[in-house]
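The sequence and the model are shown first.

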Amino acid sequence: MEYIKDEIVVCNIGFPSKELYHIKDRPENFYMLGSMGLCSSIGLGLALSLNKKVIAIEGDGSLLMNLGTLSTIGYTQPDNFILYVIDNSVYGSTGNQRTHTESTSLCGIARACGIDAVEVFQEDDLRRVIEESLNDSKSKVIVVKAEPYNEKVENIPLHPMYIKFRFMESIKPYRKKNSNK
Ligand SMILES: Cc1ncc(C[n+]2csc(CCOP(=O)(O)OP(=O)(O)O)c2C)c(N)n1
C-alpha cells in the first residue's frame, strides 16, 4: 500500500483482505467475501471495463482453484492489470493446509498463457517490481514467494453490501464510455 495512490485494489478472501483493511482501508479496495479464486477474474473484468490501473492480490490456493483465469488474462491482456499472487504454498487463512505450489509453478503457467510473469523471493526485488509494474502499461503477473504468516487482525467490521456499494461508487469516474456494466 506504500506504493498505491488511486489504483483499484481487489483482494483475496480471508487474512489478506483483513490485513489490507487494517493497513489501509479505502473505497477503492474491494475485499472478497466468500469466493476463492475470483479475485483475479473480478480484477480482470474491472481492468477491461475501466480506464484505471487495477491490482488484484490473489493467493496460491485460490488461484489453483481457478487456473483458467490465467488463460483469460493471457488472451485479453489489458494494459492496466497487475495480478499479485502471494504464494505461501498453504491455505493460510484456514490453518496452513498445504497447496500444490511446491511442485506447480504458477509463474510458469502464467508464462505459458502468454503473460509477462515474474517470481520474486526478496523484499527489495518485490519493491523494484512493484515500482516497475505500476509505471508499465501491460498485463503482468507477479508471484511473490512468501512464508506462511498471518497478522493477528480482527474481521473487517463493514457490511458486505456497504463494501460493494462504496466500491462501485468509487470506480464510477473511471468507467469506459462504451461500458454500461
Ligand atoms: C470454494 C471455497 N472453498 C474453501 C473456502 C474456505 N477458505 C477461505 S480462505 C481459504 C484459504 C485461501 O488460501 P490462499 O488463497 O492460498 O490464501 P492465503 O489464505 O494463504 O493467503 C479457504 C480454504 C472458500 N471460501 N471457498
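Strands β1 and β3 run parallel and are joined by 4 bridges; two strands count as paired if DSSP finds at least two bridges between them. Val9 has Ile55 as its bridge partner in β3. Strand β1 also pairs with β2, in the parallel sense, over 3 bridges, and here Cys11 stands opposite Tyr31 of β2. Helices (H or I, at least four residues) and strands (E, at least two) are DSSP runs, numbered from the N terminus.

The model is predicted: local features need pLDDT of at least 70, side-chain atom pairs count only at pLDDT 80 or more, and totals for chains, interfaces and linings use all residues. Residues are numbered from 1 along each chain as its sequence is written, and side-chain values use heavy atoms, with hydrogens and water left out.

Strand β1 covers residues 8–11. Ile8 and Val10 point one way from it, Val9 and Cys11 the other way, and all are buried. Buried means under 20% relative accessible area, exposed over 50%, and partly exposed in between (1.4 Å probe, protein chains only).

## Aromatic pairs and a charge over a ring

How many aromatic pairs does the structure hold? There are 2. Rings of Phe, Tyr and Trp (its six-membered ring) pair if their centres lie within 6.5 Å; planes under 30 degrees apart count as stacked, over 60 as edge-to-face and the rest as tilted. The ring centres of Tyr21 and Tyr31 are 6.0 Å apart and the planes stand at 70°, so this pair is edge-to-face. Tyr21 belongs to helix α1 (residues 15–23) and Tyr31 to strand β2 (residues 29–31), so the pair ties together parts that are 10 residues apart in sequence. Tyr21 is buried at 18% relative accessible area, and Tyr31 is buried at 1%.

Phe30 and Phe167 form a tilted pair, 5.2 Å centre to centre with 45° between the planes. This pair links strand β2, which holds Phe30, to helix α7 (residues 160–171), which holds Phe167, 137 residues apart. Both Phe30 and Phe167 are buried.

Lys18 lies over the face of Phe15, at 4.2 Å from the ring centre. A charge sits over a ring if NZ of Lys or CZ of Arg is within 6 Å of the ring centre and within 35 degrees of the ring normal.

Glu28 is in the loop between α1 and β2 and is buried, with a relative accessible area of 18%. Leaving aside residues up to four places away in sequence, Glu28 touches Asp6, Glu7, Ile8, Val9, Phe167 and Ser170; contact means heavy atoms within 4.5 Å.

Ile171, in helix α7, is buried at 10% relative accessible area.

## Helix α6

The 13 residues of α6 (residues 123–135) should span 18 Å at 1.5 Å a residue, and the end C-alpha atoms are 19 Å apart, which agrees. The expected span is 1.5 Å times one less than the number of residues.

Which residues of α6 are buried? They are Val129, Ile130, Ser133 and Leu134. These residues cover an arc of only 125° around the axis, which puts them on the same side of α6; the arc is that of the directions from the helix axis to the C-beta atoms. The buried residues of α6 pack against β3 (54–59), β4 (81–87), β7 (116–120) and β8 (140–145). Exposed residues Asp124 and Asn135 are carried on the face of α6 turned away from its buried side.
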